[in-house]
Amino acid sequence: MRGHEEVNLFVSVGRKYELYSMDWDLKEELRDCLVAAAPYGGPIALLRNPWRKEKVASVRPILEIYSASGVPLVSLLWKSGPVVSMGWSAEEELLCVQEDGAVLVYGLHGDFRRHFSMGNEVLQNRVLDARIFHTELGSGVAILTGAHRFTLSANVGDLKLRRMPEVPGALTKLRFVLDEDSYLVPELDGVRIFSRSTHEFLHEVPVASEEIFKIASMAPGALLLEAQKEYEKESQKADEYLREIQELGQLTQAVQQCIEAAGHEHRPDMQKSLLRAASFGKCFLDRFPPDSFVRMCQDLRVLNAVRDYHIGIPLTYSQLVLRRLYPLAIQICEYLRLPEVQQKDVSDEDVARAINQKLGDTPGVSYSDIAARAYGCGRTELAIKLLEYEPRSGEQVPLLLKMKRSKLALSKAIESGDTDLVFTVLLHLKNELNRGDFFMTLRNQPMALSLYRQFCKHQELETLKDLYNQDDNHQELGSFHLRASYTEERIEGRVAALQTAADAFYKAKNEFSAKATEDQMRLLRLQRRLEDDLGGHFLDLSLHDTVTTLIVGGHNKRAEQLARDFRIPDKRLWWLKLTALADLEDWEELEKFSKSKKSPIGYLPFVEICMKQHNKYEAKKYASRVGPEQKVKALLLVGDIAQAADVAIEHRNEAELSLVLSHCTGASDGATADKIQRARAQAQKK
């Protein structure tokens with residue numbers, strides 16, 4: 001095995017070590033083959049003699065699958081169409097993408113499993129390139145067609161094709177030089193590089209390893225490793241190194257560093273050396289928990305076993321931590337072709353509990369996948385029990401729907417709080433159950449019922465009405481008919497809908513809404529008569545707008561009669577009439593109106609409305625009629641600052657004096673400002 005090769009990668013330190021010396025008997029160079037390598041030390045697929053112009057058309061390609069150490073697993077003659085790209089799914093199935101858009105799926109041992117098409121557009125434009133990718137949804141396929149458009153499916157297990165926008169025709173590639181033809185396999189913690197002769201791993205050196213092995217390192221882990229080596233030599237230096245670590249209070253850190261570094265070493269002799277150092281350091285600690293040390297020994301035994309040339313799965317410690325042992329066990333079972341074992345004599349609950357006790361919440365383990373396998377074996381109840389341990393509702397619900405357990409799926413979706421998931425189940429239930437059973441199911445699930453009502457408000461109004469009728473929800477029925485009335489084009493239909501709404505409100509004992517609805521019916525009938533008698537547009541105006549329109553049209557008596565009929569307060573009617581006459585600029589009629597009787601709103605609003613219409617002349621008429629408490633404000637509005645000052649001084653009101661003084665901004669206001677200041681001074685003397 002080749003020694004460590006240290007190389008600087010940007011600002012970090014990287015190293016490359018040989019995993020295997022590849023003994024595979026390749027008759028062609030890697031560049032003349034299509035290559036697909038699975039992550040996590042998975043198998044390597046080669047398709048020899050792919051379709052090239054220089055190749056003889058009669059030569060059939062050969063598909064070969066090897067372990068990561070180059071041990072042949074299967075070889076078969078390719079009898080289908082030209083292949084553009086290959087890749088491995090998360091389930092370690094080989095996906096072969098053909099030029100015509102067909103994707104053929106093979107097992108680890110070359111057994112054909114299924115095929116699917118990427119659509120007619122891909123078939124017509126052919127495949128330029130393709131990639132297999134992995135997401136939380138599963139394994140997907142992305143295709144670049146001859147029309148420079150992307151077509152992809154995010155999950156080949158549930159094929160849903162998506163078309164992406166056109167991309168520029170020119171594609172760029174990054175290249176770098178290697179000693180021989182090689183293939184790179186990205187991993188989560190580095191990159192595997194294999195060629196005809198070797199299989200290597202290049203990665204960033206972990207912090208613990210760097211601290212221990214860098215030149216002249218004084219890290220606690222480095223000192224502990226040296227102490228252990230000196231101890232084996234029976235040298236006194238062991239005690240000196242150990243004392244140095246203890247004096248710095250870093251012995252626990254030193255042990256942890258050695259344990260962690262051992263996990264990242266590929267060579268068993270280096271692993272043993274670091275673990276011996278950790279064990280040596282533990283002897284001098286009173287309470288060091290042994291769990292991490294024991295677990296690392298167990299993990300390294302597994303790693304070294306599967307890295308063996310004959311097994312050929314070069315997992316790193318980081319990859320093992322991500323996958324844990326159970327997905328790896330499944331991969332090993334697949335490789336050894338071990339049969340499935342079904343415990344049919346044990347109850348479903350006991351089996352599910354036993355599985356949970358073994359797996360716990362191990363990362364990388366999906367209870368929904370195990371439940372799906374149980375369901376495929378006819379163990380539906382076991383599958384349901386297993387799903388109880390699945391923490392992701394998005395994984396529980398689809399399988400429950402597939403198993404025809406829709407009501408349970410609805411409960412799980414509601415527990416998740418994911419409204420999109422609830423809607424999915426509701427639409428499924430709507431198609432599965434008859435109308436009565438569907439409504440009854442909703443009544444037992446208030447959250448689902450509320451969400452479905454929201455859906456019906458936008459999509460199915462008649463269904464919404466049926467829901468309200470079934471629940472005798474007269475309040476919501478009234479609101480429903482009230483909204484529906486505004487979709488009626490004819491006045492008769494609208495009034496009829498409003499009458500139905502009023503009846504519903506009375507049944508709901510909501511007299512306020514019922515009376516308001518009846519008033520709306522009266523207003524509609526009156527507006528129709530006004531249009532017939534006077535012409536113009538009155539329908540659908542509010543009560544206030546109807547009064548204003550009558551005033552603007554000069555129909556004051558009708559406006560006053562309407563106000564009496566609908567009991568519009570006197571103050572509100574005066575505001576409406578004041579605003580309407582000012583908008584018409586009918587100043588003469590406004591003055592008559594102001595003198596018709598004492599204004600219930602006072603005369604400051606007259607000043608304000610006139611100034612809003614930029615008519616200071618008319619505003620001054622009403623400023624003199626404003627009461628004492630608002631006199632200063634009225635005079636300031638019409639610009640009579642001097643008189644406003646006199647009134648404020650007369651009132652001896654500090655707030656009014658300050659208000660007037662704030663308006664004294666011009667040069668001509670200097671005398672007024674002085675007058676106010678003198679008045680203030682005299683008031684302070686008193």
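Me: How does H14 pass H15, in a left-handed or a right-handed crossing?
Reply: H14 passes H15 in a left-handed crossing. Keep in mind that this is a predicted model.

Me: OK, and at what angle do the two helices pack?
Reply: Helix H14 (residues 406-416) and helix H15 (residues 419-432) pack at an angle of about 160°. Their axes are 8 Å apart.

Me: Why give both an angle and a distance?
Reply: Two packed helices are described by the angle between their axes and the distance between the axes.

Me: Are H14 and H15 roughly parallel or roughly antiparallel, then?
Reply: Angles over 145 degrees count as roughly antiparallel, and H14 and H15 pack at about 160°. H14 and H15 are therefore roughly antiparallel to each other.

Me: Which residues meet there?
Reply: On the H14 side they include Leu410, Ala413 and Ile414. Among those in H15 are Leu421, Val425 and Leu429.

Me: Switching to rings! How many aromatic pairs are there?
Reply: A search of the whole structure finds 15 aromatic pairs. One of them joins Tyr231 and Phe280, with 5.0 Å centre to centre and 35° between the planes, so this pair is tilted.

Me: Where do Tyr231 and Phe280 sit in the chain?
Reply: Tyr231 is in helix H3 (residues 220-232) and Phe280 is in helix H6 (residues 268-282). The two residues are 49 residues apart, and their pair links distant parts of the chain.

Me: Is Phe280 buried or exposed?
Reply: Phe280 is buried, because its relative accessible area is 11% and the cut-off for buried is under 20%.

Me: What about Phe606 and Tyr622, how far is it centre to centre?
Reply: Phe606 and Tyr622 are 5.1 Å centre to centre, in a tilted pair with 35° between the planes. Phe606 belongs to helix H26 (residues 604-612), while Tyr622 belongs to helix H27 (residues 616-623).

Me: And are those two buried or exposed?
Reply: Phe606 counts as buried at 0% relative accessibility. Tyr622 is buried as well, with a relative accessible area of 1%.

Me: Which residues do ring pairs link into a cluster?
Reply: Phe606 and Tyr622 are in a cluster with Trp574, Phe593 and Tyr603.

Me: Which residue lies over the face of Phe293?
Reply: That's Lys282, at 4.8 Å from the ring centre. Elsewhere, Arg522 lies over the face of Phe566, at 4.3 Å from the ring centre.

Me: Last one: how many helices and strands does the protein chain have?
Reply: The protein chain has 31 helices and 17 strands. Of its 686 residues, 43% are buried.

Key: Residues are numbered from 1 along each chain as its sequence is written. This is a predicted model: local features need pLDDT of at least 70, side-chain atom pairs count only at pLDDT 80 or more; totals for chains, interfaces and linings use all residues. Side-chain values use heavy atoms; hydrogens and water are left out. Rings of Phe, Tyr and Trp (its six-membered ring) pair if their centres lie within 6.5 Å; planes under 30 degrees apart count as stacked, over 60 as edge-to-face and the rest as tilted. Helices (H or I, at least four residues) and strands (E, at least two) are DSSP runs, numbered from the N terminus. Buried means under 20% relative accessible area, exposed over 50%, partly exposed in between (1.4 Å probe, protein chains only). A charge sits over a ring if NZ of Lys or CZ of Arg is within 6 Å of the ring centre and within 35 degrees of the ring normal. Axes are lines fitted to C-alpha atoms, for helices over the stretch in contact, and angles run from 0 to 180 degrees between N-to-C directions. Angles under 35 degrees count as roughly parallel, over 145 as roughly antiparallel, 65 to 115 as roughly perpendicular and the rest as oblique. A crossing is left-handed if the near helix is turned anticlockwise from the far one by less than a right angle, and right-handed if clockwise. Contact means heavy atoms within 4.5 Å.
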